[in-house]
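Subject: Handing over a structure, with notes

Dear colleague,

I am passing on the structure below, followed by some notes on what was found in it. Please read the notes with the coordinates open beside you.

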Amino acid sequence: MRRPWTDFILVGLFSQSQHPSLLCVAIFVVFLMALSGNALLILLIHSNVQLHTPMYFFISQLSLVDMMYISITVPKVLLDQMLDVSTISVPECGIQMFLYVTLGGSEHFLLAAMAYDRYMAICHPLRYPMLMNHRVCLLLVSGCWFLGSVDGFMLTSITMTFPFCKSRKIHHFFCEVPAVMKLSCSDTSLYETLMYLCCVLMLLIPVTVISVSYSCILLIIHRMNSAEGRRKALATCSSHMMVVMLFYGAAVYNYMLPSSYHTPQKDMVVSVFYTILTPVLNPLIYSFRNKDVTGALRKMLSVEPFFRETVK
C-alpha cells in the first residue's frame, strides 16, 4: 500500500541490528526498569516524611521528567517493531519533537536548580530552611518547566515549517530536530546557527550555575574540620555530578558539535544513551548511593510492623 505523502519514515534502531527481536526485548526490559525505578523513587519521596526536603523534591521532579522522557520515544519504537510499521505523521512528529525538546530543556535547568540547592545547603546551612522554602522550590521548578517549554516551542515551530521535499526517511528512531532538518530542501544554515546559539545559551546558563555552585561547595568542603561532614557532602554532590556529566555530555554532542562529527549511526547510539539508558541510571545513582533513600526503601519493604499488629 502506498504511504501518504504526509508521513515520515523512521529508519529506527532495528534496521542495522542482526538480532532485532533480542534488541526489542532488551529495550522493553530497560523501559520497564526506568518506569518502575523512577516511579518507586517518587513514591518513596512522597510517602516518607524524612525525604520531604528541597533536595528530594528536585530529585522527584527529575524522576518525573525521566519517566516522561523515555515514554515519548520507546513505546512507539517497540510498537512499530511489533506491527512492522515505520511511519509517523507530520503532526505526531511535531508533538514528539516538542515534548522531547521541552523535557530535555527542563532537565538542563532542573539540574542547575539542584546544584544551587546543594550550594545553599552546604554553604549557608543556617539560612537554608528560610532561603529554600517550599514556595522557592515551586518557583524554581516552575521556571525550569517554563524555560524548557519555550525552547521546545521555538525549535519545533521553526523546524516543522521548513519544506520537506527530499527523502521522507528520518535516519533516527524518533523525530529529533537535527535529523528532521536534514530532510529540508531549503537553506537551513541560518537556522542551524540560531539553533546552535540557542543551545549554547540553554547550556551555558545551567553549566555556569552548576560550575559556580560546585566550586563554592568544594571550597567549603576543603575547609571542613569534620571528616564525616566532608564525606557526606562529597557523597551527595558526587551523585549529582555523575548525572550532570551523563546528560550534558550527550547534549553537547548532539547540538553543539559540527555536522562533520555526526553520522546517523553515532547519533542513534548517543540518543539511545541519553533517552533510554540515562532514565534508568538516574534512580540507581540517587538510591544506591544514598542512605536516606535506601533506608526509606527498607522501611517500606519491612514486614515487622505487620507481624507486630498480628501478634497484638
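For the ring contacts, two rings of Phe, Tyr or Trp (for Trp, its six-membered ring) are taken to pair if their centres lie within 6.5 Å, and planes under 30 degrees apart count as stacked, over 60 as edge-to-face and the rest as tilted. This is a predicted model, in which local features need pLDDT of at least 70 and side-chain atom pairs count only at pLDDT 80 or more, whereas totals for chains, interfaces and linings use all residues. Residues are numbered from 1 along each chain as its sequence is written, and side-chain values use heavy atoms, with hydrogens and water left out.

A search of the whole structure gives six aromatic pairs. One of them joins F57 and F58, whose rings are tilted, at 5.9 Å centre to centre and with 55 degrees between the planes. Another is the edge-to-face pair of F173 and F174, at 4.9 Å centre to centre and 65 degrees between the planes. F57 and F58 are both buried (under 20% relative accessible area, with exposed meaning over 50% and partly exposed in between, for a 1.4 Å probe and protein chains only), and F173 and F174 are both buried as well. Ring pairs also link F173 and F174 with Y69 and Y100 in a cluster.

The unreviewed UniProt entry annotates residues 56-74 and 94-116, among other spans, as "transmembrane region"; such annotations may be inferred rather than shown by experiment. In the model, residues 56-74 are 89% helix and 0% strand, with the end C-alpha atoms 27 Å apart, while residues 94-116 are 100% helix and 0% strand, with the end C-alpha atoms 33 Å apart. Helices (H or I, at least four residues) and strands (E, at least two) are DSSP runs, numbered from the N terminus.

F153 belongs to helix α6, residues 134-159, and it counts as exposed because its relative accessibility is 57%.

There is also an open sheet of three strands in the order β2-β1-β3, with mixed pairing, where two strands pair if DSSP finds at least two bridges between them. Strands β2 (87-89) and β3 (169-170) are at the edges with a single partner strand each, so one side of each has no neighbour in the sheet. Strand β1 (residues 7-10) runs parallel to β3 and is joined to it by two bridges, with L10 opposite I170 in β3.

Best wishes
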